[in-house]
Protein chains: 2
Amino acid sequence: MSEQPEKAAAYPSPALTAAILIIGNEILSGRTKDSNTSFIASRLGELGIKVREVRVVPDVKDRIIAALNTLRSDYTYVFTTGGIGPTHDDITADCVAAAFNVPLELHDDAKAMLLAHYGGDPATLTEGRLRMARIPQGSWLIPNPASGAPGFQIGNVFVMAGVPTIMQAMFDFLPDRLGRGEKLLVNTVTCNLGESVLALGMEKLQTRYAEIEIGSYPSFKPGVAAALSLVLRGTDADLLAAATIDLMALIKDCGGDAQLLTADVPV
Amino acid sequence: MSEQPEKAAAYPSPALTAAILIIGNEILSGRTKDSNTSFIASRLGELGIKVREVRVVPDVKDRIIAALNTLRSDYTYVFTTGGIGPTHDDITADCVAAAFNVPLELHDDAKAMLLAHYGGDPATLTEGRLRMARIPQGSWLIPNPASGAPGFQIGNVFVMAGVPTIMQAMFDFLPDRLGRGEKLLVNTVTCNLGESVLALGMEKLQTRYAEIEIGSYPSFKPGVAAALSLVLRGTDADLLAAATIDLMALIKDCGGDAQLLTADVPV
């Protein structure tokens, strides 16, 4: 059994990145809408960790291993969801072990967690259930208060369940294991103008404030007046406030009404 | 201006695959939940085209170009959403042109579509709006009944808007341009047993019916009894019916109640 990984450093690092790997035919078939990405990305954002890529791959061994090896070399952290249950289509642990080139072993603590979850009688640990205690050598378990079978961390990869409520319960154990990046501050401005009216002015604004990421997100709902959300993101509060004030002035100059919808930084 | 691409062949091809490339910081930040994947995947499924990979990348030129070139070489079709509006963060058309190594040109028909959408007065075609008529050379336009600015097809890549209602309106123009694969038939069986009870029996069933993909999807909702959905997919109706009957018998043998929820294939 491996030792617990070191606690994350307390000082912020500006360059912490992450990828999310969603494993499962049910997302690719359209049967299930992925909601894990937005949950994980939001929680990581609070820690100053930026999600830079998401991939969804089918329950196919070679495809999972290849994606995992690419992502774990390209980003600080990789978070996987899906494929850690007891059935034949749950092959994530096998694939992670293969990607790290380590054996998959029956893990005593994982077995104990399952035993506790199923009421303490060893007879309840059927072959199917014991499959969920097979963990790549060198992993640190991620407890699963929702349904017993743990996830695990190996290296910079965090392996979690696909069912959103279970994944979310697991995720609560991760922040202690993760570093802290510079927190991204976000201001959101809404207005009643079309994107194209503001486009040139915003481009100039983006050039002037290169360190602030300015995103433009129109919404179209039948029967509702078109609305435009402008989202400003950055780590420097003063710069963010200045860019937000300039953007609101631009909207006014173009004849629109601007509203500061949410603000990490008061302007 | 390019000629229209040939109509898709009428006979089914079993090997039609697709990837979806979601372009946009707003998905990676967790601000917006992607719903385009499930829509596109479901519609392609009806045509017998299997989505085999999804990637989400940020509004960063090199990252979009690299993902596009990988996916268009690995799959029959690539569908992109996002980044085709008039603002500075809309760089998809530039990236597609770069990936295909063709110039980005002001497209007469795209300009005409914008003019019609904005009421016919050429003065309304501001520099910002004209940005949306810049189309990679050799593309075929995809009309946009919702908001005017067209998407486009170049080679095996279909470029659409990110806003779901607009993307969906564009998608209606695509089936004529796509081939037809063997339609995947789906039976869904629900039961009141835990996954681990059925795991070994299902594994044997999966081995016996190698051509039928059997997926197991538990749901956990606080306060609601756990339910298990078993999804069987295949192109051979007789095999699918036989596997479904055997699975329902397995559930009964394990002491559970099985319900055939939806049946493409009566069993």
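## Leu104 in chain B

Leu104(B) sits in strand 4 of chain B. In this predicted model, Leu104(B) has a relative accessible area of 26%, so the residue is classed as partly exposed. Along the sequence, Leu104(B) and Met160(B) are separated by 56 residues, and their C-alpha atoms lie 16 Å apart in space.

## Asn101 and its positive phi

Asn101(B) is not a glycine, yet its phi is positive, near 55 degrees. The residue belongs to the loop between helix 4 (92–100) and strand 4 (104–106) of chain B. With a relative accessible area of 71%, Asn101(B) is exposed.

For context, most residues other than glycine have a negative phi.

## Chain A in outline

Stepping back, chain A contains nine helices and 12 strands. Its C-alpha trace spans about 75 × 45 × 35 Å along the principal axes. Of the 267 residues in chain A, 52% are buried.

## Salt bridges within each chain

Over all chains, the structure holds 12 salt bridges. One of them pairs Arg43(A) with Asp172(A), whose closest N and O atoms are 3.2 Å apart. Arg43(A) lies in helix 2 (residues 36–46) of chain A, while Asp172(A) is in the loop between helix 7 (164–171) and strand 9 (185–191) of chain A, so this pair ties together parts 129 residues apart in sequence. Arg43(A) is partly exposed, at 23% relative accessibility.

In chain B, Asp172(B) forms a salt bridge with Arg43(B), and the closest N and O atoms are 3.2 Å apart. This pair links distant parts of the chain, with Asp172(B) in the loop between helix 7 (164–171) and strand 9 (185–191) and Arg43(B) in helix 2 (residues 36–46), 129 residues apart. Arg43(B) has 23% relative accessibility, so it counts as partly exposed.

## A salt bridge between the chains

Glu53(A) forms a salt bridge with Arg63(B), and here the closest N and O atoms are 3.0 Å apart. Because Glu53(A) lies in strand 2 (residues 50–57) of chain A and Arg63(B) in helix 3 (residues 61–74) of chain B, the pair joins two chains. Glu53(A) is buried, with a relative accessible area of 5%, whereas Arg63(B) is partly exposed at 22%.

## Negative charge on the surface

Four acidic residues, Glu182(A), Glu211(A), Asp236(A) and Asp238(A), gather in a patch of negative charge on the surface. Within this group, Glu211(A) is found in the loop between helix 8 (195–208) and strand 10 (213–219) of chain A. Glu211(A) counts as exposed because its relative accessibility is 62%.

## Cysteines without disulfides

How many disulfides does a search of the whole structure find over all chains? The search finds zero. Cys254(A) is in no disulfide, and the nearest cysteine sulfur, that of Cys191(A), is 8.9 Å away. A disulfide would need the two sulfur atoms within 2.5 Å. Cys254(A) is partly exposed, at 31% relative accessibility.

For Cys254(B), which is in no disulfide either, the nearest cysteine sulfur is that of Cys191(B), 8.9 Å away. Cys254(B) counts as partly exposed at 30% relative accessibility.

Note on methods: Residues are numbered from 1 along each chain as its sequence is written. Chains are lettered from A and ligands numbered from 1 in the order in which they are written. This is a predicted model: local features need pLDDT of at least 70, side-chain atom pairs count only at pLDDT 80 or more; totals for chains, interfaces and linings use all residues. Side-chain values use heavy atoms; hydrogens and water are left out. Patches are made of residues with over 30% relative accessible area and no salt bridge: like charges are joined within 9 Å, nonpolar side chains (Val, Leu, Ile, Met, Phe, Trp, Tyr) within 5 Å. Accessible areas come from the Shrake-Rupley method with a 1.4 Å probe; for residues, only the protein chains shown count as cover. A salt bridge is a side-chain nitrogen of Lys or Arg within 4 Å of a carboxyl oxygen of Asp or Glu. Lys and Arg count as positive and Asp and Glu as negative; His and the chain ends are not counted. The place of a charge is taken as NZ of Lys, CZ of Arg, CG of Asp or CD of Glu. Helices (H or I, at least four residues) and strands (E, at least two) are DSSP runs, numbered from the N terminus. Buried means under 20% relative accessible area, exposed over 50%, partly exposed in between (1.4 Å probe, protein chains only).
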